[in-house]
Structures are given as structure tokens and as C-alpha cells.
Amino acid sequence: MKNAIISAFSKSFSKNRKTNAAGCHTQAQQSVDHLPKIMLIGTPNVGKSVIFNKLTGMYVTVSNYPGTTVEVSKGKGRIGNTIYGIIDTPGMYSMMPITDEERVTRNLILEEKPDVVLHVIDAKNLCRMLPMTLQLYEAGLPVILVLNVMDEAKRLGMKIDTDELERMLGIPVVATVAALNKGMDKLRERIIKHGRPAA
Amino acid sequence: MEGQLLNFRYNDKLEQAIRKMEDLLKSAYNISKREIALLLLQEDEEILDRVGRQEGERLEKIYQVIQETKQSFEQPLNYIIAMERQEWANRVTDKVVVQNTAGSSRFGEILNKLTIQPLTGIPILLLVLYFGLYKFVGVLGAGEVVDFLEGELFEGYINPWVNNLVTAYIPWKPIQELIGLDYGIITMGLRYAVAIILPIVGFFFLIFSVIEDSGYLPRLALLIDRLFKKIGLSGRAVIPMTLGFGCGTMATMVSRTLETKRERIIATFLLALTIPCSAQLGVIMSLLSGYPAAMLIWIILMLLVFLLIGYLTAKVVPGDQTNFYMEVPPLRIPKLSNVLAKTFSRMQWYFVEILPLFLLGSVIIWVGNMTGLFQKLLLLVQPILVWMDLPPETAESFVFGFFRRDYGAAGLYDLQSAGLLSPRQLVVAAATLTLFVPCVAQFTMMIKERGWKMALGMVAIIFPFAFIVGILLNALLNMLGVLA
């Protein structure tokens, strides 16, 4: 309880954070132009912003409803010996955008050359989300599949064999409970191992 | 191996079309030509545009491939592509997922159903509004905490101290008035910001963070989807609308998540007109909390205006209804650290934004008073106020409500404390101020999201509308003899 309050304070007042003058949804903005880039992609409300916060040590608003992130956040984070530019994107359901904020994300994919794409999905909805993994792969992007909120999948009685999934897909697969910091170290390991070597 | 992303292929006809397309794409793209080809086959307009610019005369051949491929299938290509992807996903999922039904959470499911079905959902909504908004924000935040900070701290200690200080050490009356006395930077600007508005929005952000993290909002969206359909919005619009109760500026920005331009226009307009922001809401609740009848009139009036204007706007703005589809996240127990972090970061954002504006507000009043401009402006507004039976002092609240909604509300709070307003005048003033133009920040956001023309047009409607409603409400209450 006490720790939670302290960490909330320090998060909220950390120097890295900038508040967006236009809205109370805090958006982070740091220049990441010359760094190798990690892009977080996935449908709304799967925990992209939580992972962004963990990887950068910054704070962007996290909520339990789809569409909290409507603008792109950028921040820096050290993983292993490399400093990466990390980009949090508004949710996206497929490579064919319907709403404005999906368009924002797709344009980002078309403009930037990410060195790692973390496709963050809600493990409970693996089946519905795999087609997007397929599309990212088809697009030639270096994808790591992140099965987030594994705890809720387990609670629903779902058992996911992630090793088998990784073998079947042929891309790295990491299971996480990002809000509780579970699996984050393994995710970092995979980023180091599979990211395109920095140019 | 089966299932491997590397080995995934669509049916032969599609693969042939993809290969043809890949050959036609000669320039460089940041993503694979295969994906570009697939998007072209699905006739993605942005991609067609981009490719058209880059490939020049080959575009014609590309269109040819699209047409040929379309003709060789009965269903639309994007459907076929999506189906084949989904079938593959199903095969993979079958291999790696074991579903064991025993583990599902019974309690969560029951609660989920209760929140969505109208019979139980509406009472739950009323409970959330009553305890969350009225009790927590209105009574505790705007009532007790503001009473303490404003009544005891500022009126009891800070203001007398500042006033004594300036009158004792500063010989010029104008400078005394700039810092202290009725409209001073400290005695009014700082007091409004720190002692009235900040605690109210703080309490609101706190309860709102709890509600949003619990996953209640998407369920509320499902619950009132049908009602919203009538006013041209889908249930999805619940999120920008409820966010509007926090801050209209932020909500206007979030209206971006709505699917059609039509919905975005309706939502922006309703946000500007009817939805009070948290500061306004809190102040209004504490103002009216002493008079349940006045409170009820205010709520019903706002609801009526919301539905009526929504309905009319939906008639005027052409377009189709969108089908409502929304990811419904699970109900979760909010994480304390996230709730607090979010509340603090929003309060911090809010405070940083309002403090300079509030201080500037008192400076502007001071300049206005010095030059006599302010009195002229007030004289301009006063005739309208007379039609509403409002005392001339309320003119200030209206003039400054334009500047900041919350500022106007805080001004009303002052008048009420001074006992200058009867219950009827209170409800008329509160209703008019709620409808009255959005604050400057929200207006700026409206311009940014909807464009100059649209934003100005909306304000041009809202401005007279608010006053007409105020005048009519007063006349009606007068006629019926309610709230003398």
C-alpha cells in the first residue's frame, strides 16, 4: 500500500514525463530520431502503454478501456547495452485502418523503420489476434509476439503452450503480465537477441 | 512446418495475383511488397494513393490486376483474405491452447451481466452516479474539502493577512487591488485555483480513475448504446462523453476514436454544449445540493437538451449509423498505484494549465476595472441577465465563464456564499453557465480537431442558445411558481 503510493508519486513527478498541454491524457515525448527503434503495436486495451512505461521508466496514462492512447508516445529505454527509442502507438485492429487513430499507427509503420516490433496481444484472445501477427510478419517487420495479461487467461482456464507457439510460428513469443512486471526480463532478453542489430 | 508464418500461403489464385502485383511494384517501400500487394488487392485508398504517386503509369496495370482478381471471386477480396488468415489462426490456436472451463470466474461473469442488462444496469448506473459523483465529488470534494480550504484557510487566514499586508505597506490603491482585496491575484486568482477548483477536479479524477480502471465504461457503452443510436451516436461515444465530465478539452480530443465524421461532429457539439466539466459539475452540485428540487430541474434540463440537440444534430448532419462494436475488457480491481499515478498526473496537468490562466484572469479583471472596460462589458450583459431575473453581480461569472468554464462556476460559488442568489436564480444561472460556450482550451481543441469553420459555427449556435434556454427556464419556473 505504502509502496504503491510512493511509486505513484515518483512516477507521476518523474522528470522524464511531460504533460501534454492539450489534454489530461499524458503523452510522453522524447526525441528518439537516431536510436534503434522498438514499436509497440496491438489492438486497444492490451497493455501497450504499460509495457511502454516499464521499458522507458516514464509514465503515460493507462486505463482499462480501449482507446486511451490516441497520440503517439516516444521515449528512451536502455535494454542490455543499447539505448532504444520506444514508440507507443494507438490501438490498431488490422493493417487496413478504419478510424483516425488506427491510421496514425499505420502511417507510423509505413514511415518509420522499426528495428523491433512488439506485437502486444491479450492472451485471452490469441485466436482473434494472430491474424494481425501474420500481417505484421507479411509486411516484413521484425516481430516479437507478446502474450500479455497471461494471468487473466489462466484464470479463465486457458493453458497456452508458448514454447510450442514459438516453434510453430517461427518468431519469438514471450508471455507477460506487464502490470505485475512478470515476464519483462524475458522480453528484454528477446529484444536483445532478436532485434535487428543497430545500424 | 505447418503453421509457420514463413510458410503461410493464401489460395493459389490470390498468390498469383500477389506475385503479379509484386512484379509491378518497382519503387522502394518501407514494408514488404507482399503486404503492399495485399493492401492493394483490398483496395486500401491510402495505399492506392501512395503507390499511384510512386509507380506512375504502372498504376493502370495494378488496377487491372485488382479487377481481374476481384472478378475471379464471389466474395469481396478483403473478406477472403481475412477468412484465410483467421482459419490459419484457428489452426495454430487449436494446437497450442488447452481450454479448461472449470477455471472461469463466476462472480465476474454475474457482475458483468448485471452491469449490461437495463433492468439491473440502470440502477447500478444511478448508484455509481450517486455515490461516485454526488457523494464523493459533490458533497465531500466540493462541499467539505472546499469549505475547509476556501472558507477556513483562505477566508480565515490567507486573505485577511494579504489584505492587511497590502493596505499597510502599499500606498497605491490600484496595486493593492492587483494583489489583494476583491479581485486580487492572491485573494481571487490563487484562491479560485487552489481552494475551489483543484480539490474538486482532484476528487473527480480520483473516482474517475477507479471507474475507468475497473472496466465499467465499456459496459456502460453497451448499456446505453440504444439510447445513443437515437441521437446519431454509437455506444462507443460513451467514452468521450464521460471523459467530458472530467475535462471537455481532453474529451474533444478523444472523440477521434469515433468511426465516422458525423459521430465526431455530434460528439464535439454535445460536449461543448451540454456536458459540464468536473470543476463546473462539482461547483454546481455543491451550489444546488441544498435544494434538491433545483438540482433535479438542472439534471432534467441538461438531459433534455442533450437528447433534443443530439437528435436534431443527427437529423441535420447527414450520414449512416455505425454499427457498434467494442472490445469489452474484463472487470478488474483497479490497481492502486495506477489510479494514484493517473490522478496525480491529471491533477498536475490541470493545475499547470489553470493556475496561470486564473492568475491572468484576476489581472484582466484588474485592467478592466482600471480602464472601465469591464464595467462596460458588464453593462452589455446585464440586460440579458435582467430577463433571467439574475442579479447584476452574476455578469462577472458569465463574462469569465467564457474565459474558463470553471472560473465562471467558481464565481457563482462566491455569490452563493454571499447569499446573493435565490434557489431559482441559482438553477437558472447554473443551467445557462453549463450550456454556455466551452472554455478557451476546449474551443482551441475544437478548432484543432474539427476545423475553424465547424468550431465557430458551433459557438455561434451555443451562445444565443444558452441565454434563450436560461430566459425560458426562468419564465417557466416563474409561471409555475416553482422555487420562488
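Modeller: Asp389(B) sits in the loop between helix H18 (373-387) and helix H19 (394-403) of chain B, where helices (H or I, at least four residues) and strands (E, at least two) are DSSP runs, numbered from the N terminus. This is a predicted model, in which local features need pLDDT of at least 70 and side-chain atom pairs count only at pLDDT 80 or more, while totals for chains, interfaces and linings use all residues. Residues are numbered from 1 along each chain as its sequence is written, chains are lettered from A and ligands numbered from 1 in the order in which they are written, and side-chain values use heavy atoms, with hydrogens and water left out.

Biologist: What is the phi of Asp389(B), and is Asp389(B) buried or exposed, or something in between?

Modeller: Buried means under 20% relative accessible area, exposed over 50%, and partly exposed in between (1.4 Å probe, protein chains only). Asp389(B) has a relative accessible area of 36% and is therefore partly exposed; its phi is positive, about 60°, although Asp389(B) is not a glycine. In chain A, Asn181(A) is likewise not a glycine and has a positive phi of about 70°. Asn181(A) belongs to the loop between strand S7 (173-175) and helix H7 (184-194) of chain A, and counts as partly exposed because its relative accessibility is 44%.

Biologist: Which residues does Ser397(B) contact, beyond its neighbours within four places in sequence?

Modeller: Contact means heavy atoms within 4.5 Å. Ser397(B), in helix H19 of chain B, touches Gly408(B), Gly411(B), Leu412(B), Leu415(B) and Leu433(B) when those neighbours are left aside, and its relative accessible area of 4% makes Ser397(B) buried. Arg34(B), placed in helix H2 (residues 33-41) of chain B, is also buried, because its relative accessibility is 15%. With neighbours within four places in sequence left aside, the contacts of Arg34(B) include Glu138(A) from chain A, as well as Glu15(B) and Glu22(B).

Biologist: How should I read the packing of one helix against another, for instance H22(B) against H23(B)?

Modeller: Axes are lines fitted to C-alpha atoms, for helices over the stretch in contact, and angles run from 0 to 180 degrees between N-to-C directions. The axes of helix H22 (residues 440-450) and helix H23 (residues 452-480) of chain B come within 7 Å and cross at roughly 135°. H22(B) is therefore oblique to H23(B), since angles under 35 degrees count as roughly parallel, over 145 as roughly antiparallel, 65 to 115 as roughly perpendicular and the rest as oblique. Among the residues making this contact are Phe443(B) and Met446(B) of H22(B), with Trp452(B) and Leu456(B) of H23(B).

Biologist: How many residues of helix H10 of chain B are buried, and what do they pack against?

Modeller: Helix H10 (residues 216-223) is mostly covered, with seven of its eight residues buried, and these pack against helix H6 (106-116), helix H7 (118-169), helix H9 (185-214), helix H11 (225-230) and helix H12 (238-244) of chain B. For chain B as a whole, 54% of the 484 residues count as buried, and the chain has 23 helices and one strand.

Biologist: Where in chain A is the pLDDT below 50?

Modeller: The pLDDT is the predictor's confidence in each residue, from 0 to 100. Chain A averages 81, and 79% of its residues score at least 70, but over residues 4-25 of chain A the pLDDT is below 50, although this stretch has 53 contacts in the model beyond near neighbours in sequence. Where pLDDT is low, the predicted coordinates should not be read in detail.
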